Amino acid sequence: MLRQRNLGKDEDGEPTDATFSTRRILKKVDVYPKLHREFKVQTETGATVSLVAMVITVILFLSELSHYLTVDRHEHMVVDTTTNEKLLITFDISYPALNCREAHMNSMDVAGELQVNMHNTVFKTRLAPDGTPIGKAISHVPNGEEVPITLPPNYCGSCYDAEHPTGLTCCNTCDDVKEAFMSIGKSLEEAETTEQCMREAGKEENESKDGEGCRLHGTMAVNRVAGNFHVALGRTFHRQGRLVHQFIPGQQYSYNASHIVHKLYFGTPFPGQANPLDSMTKIADKPGAVYQYYIKIVPTIYDDGYGSVQANQFSYTQQTRFLNPYGQMTVLPGVFFIFDISPFMVQMDAARVPFTHFVMRVCAIIGGMVSIAGFVDSLLYHYGSKVAA
């Protein structure tokens, strides 16, 4: 006679052996109980609450995403210990009323260092009267690296019947010619027509014409001390530690220092840096205008967590002056950028919200909105049921 094995079953109809007992225990820790479809009630009020909750969730998510993508900057002051390093100045400035023979960038500082007629790291572009460029920007050296001019063997440049104050018999450079000319009272304008000066000046200056403008852009390295760089009236020459501007009396009445600062910054710019002089435009409506920009430079170290950048922020004040009512000059007409460097440095640390924090906040937004929406829906549903009853 066959006998049927009687398997024990629990109250839910599940077998009571070890395997199904484990499954039953797992089911009891389910914190998300399910309802059959026939027991669910969907209402228009619930749909409205759901749509509103979804819109609010999306708005909060986008806000959190924007915060995650934004770099937070924390700044503190430290003493600047980089005074032995050079300060790199990068500029791009147009002079619509000065041709490339008249527009020379010069710099000087309180330490006595002068840089005159910088040809090695400065590009010049001729500008038509309407401001459009003529030809291409030309520098005398590729990539801003100084390359010596090769002269023929045994070259001996003429001093043009002028005696050099140090007794040189050969004037091989433009500076030699200028110094010889000045020792006998000749003008620097005459010196610039000599073979030495025309060779060093380059194509842009030699081919420039009256009525044109000039755009200067490039870099210069200066000492980290107070100083200035400028384009001003007259031919410039470095003599015995002094910067000489030589011009013919009366030229101040026709000198037009109108300018457009396309770009000016110090050091290496960091992401999001604001350079307040960019796009600055000044058009002179009177002769002999003097534009002076007093710049306060604050050294800055920008660290984004991946590397640091040695940069400089700056602020400025500006002053414009003209010839006095009697036509006399109290300051040389031109555009002067007078800078001073703060002894303190800004340490700027850029930090982002960690990705794990971003995920945690998004989960909190979604979970919080689901809970709040469920509470509001339940409240409206029970209130509506009582009113209907």
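Helix H3 is followed by glycine 185, whose phi is positive, near 85°; helices (H or I, at least four residues) and strands (E, at least two) are DSSP runs numbered from the N terminus. The model is predicted, so that local features need pLDDT of at least 70 and side-chain atom pairs count only at pLDDT 80 or more, while totals for chains, interfaces and linings use all residues. Residues are numbered from 1 along each chain as its sequence is written, and side-chain values use heavy atoms, with hydrogens and water left out. Helix H3 itself spans residues 174–183 and is mostly covered, 7 of its 10 residues being buried (buried means under 20% relative accessible area, exposed over 50%, and partly exposed in between, with a 1.4 Å probe and protein chains only). The buried residues of H3 are Cys174, Asp176, Val177, Lys178, Ala180, Phe181 and Met182.

Aromatic rings form 12 pairs; rings of Phe, Tyr and Trp (its six-membered ring) pair if their centres lie within 6.5 Å, and planes under 30 degrees apart count as stacked, over 60 as edge-to-face and the rest as tilted. Phenylalanine 229 and phenylalanine 337 are stacked, at 4.9 Å centre to centre with 15° between the planes. This pair links distant parts of the chain, with phenylalanine 229 in strand E8 (residues 227–232) and phenylalanine 337 in strand E15 (residues 334–341), 108 residues apart. Phenylalanine 229 is buried at a relative accessible area of 0%, and phenylalanine 337 is likewise buried at 0%. A further pair joins phenylalanine 270 and tyrosine 302, whose centres are 5.1 Å apart and whose planes lie at 10°, so this pair is stacked. Phenylalanine 270 lies in the loop between strand E11 (259–267) and strand E12 (280–282), whereas tyrosine 302 belongs to strand E13 (residues 290–303), 32 residues apart. Both of these residues are buried. Ring pairs also link Phe229, Phe266, Tyr293, Phe314, Tyr316, Phe337 and Phe339 into a cluster.

Side chains of opposite charge can pair when their charged atoms come close. The count comes to 7 salt bridges, each defined as a side-chain nitrogen of Lys or Arg within 4 Å of a carboxyl oxygen of Asp or Glu. One of them joins aspartate 80 and arginine 224 (3.4 Å, N to O). Aspartate 80 lies in the loop between strand E1 (72–79) and strand E2 (86–95), and arginine 224 in the loop between strand E7 (213–223) and E8, so the pair ties together parts that are 144 residues apart in sequence. Aspartate 80 is buried at 9% relative accessibility, as is arginine 224 at 8%. In another bridge, the closest N and O atoms of arginine 126 and glutamate 212 are 2.8 Å apart. Arginine 126 is in strand E5 (residues 122–127) and glutamate 212 in the loop between helix H6 (203–207) and E7, 86 residues apart. Lysine 296 and aspartate 340 also meet in a salt bridge (3.5 Å, N to O). Lysine 296 is partly exposed at 36%, and aspartate 340 is partly exposed at 34%.

The unreviewed UniProt entry places the feature "transmembrane region" at residues 45–63, 326–346 and 358–376; its positions follow the numbering used here, feature names are shortened, and annotations may be inferred rather than shown by experiment. Residues 45–63 are 100% helix and 0% strand, with end C-alpha atoms 27 Å apart. Residues 358–376 are also 100% helix and 0% strand, and their end C-alpha atoms are 27 Å apart.
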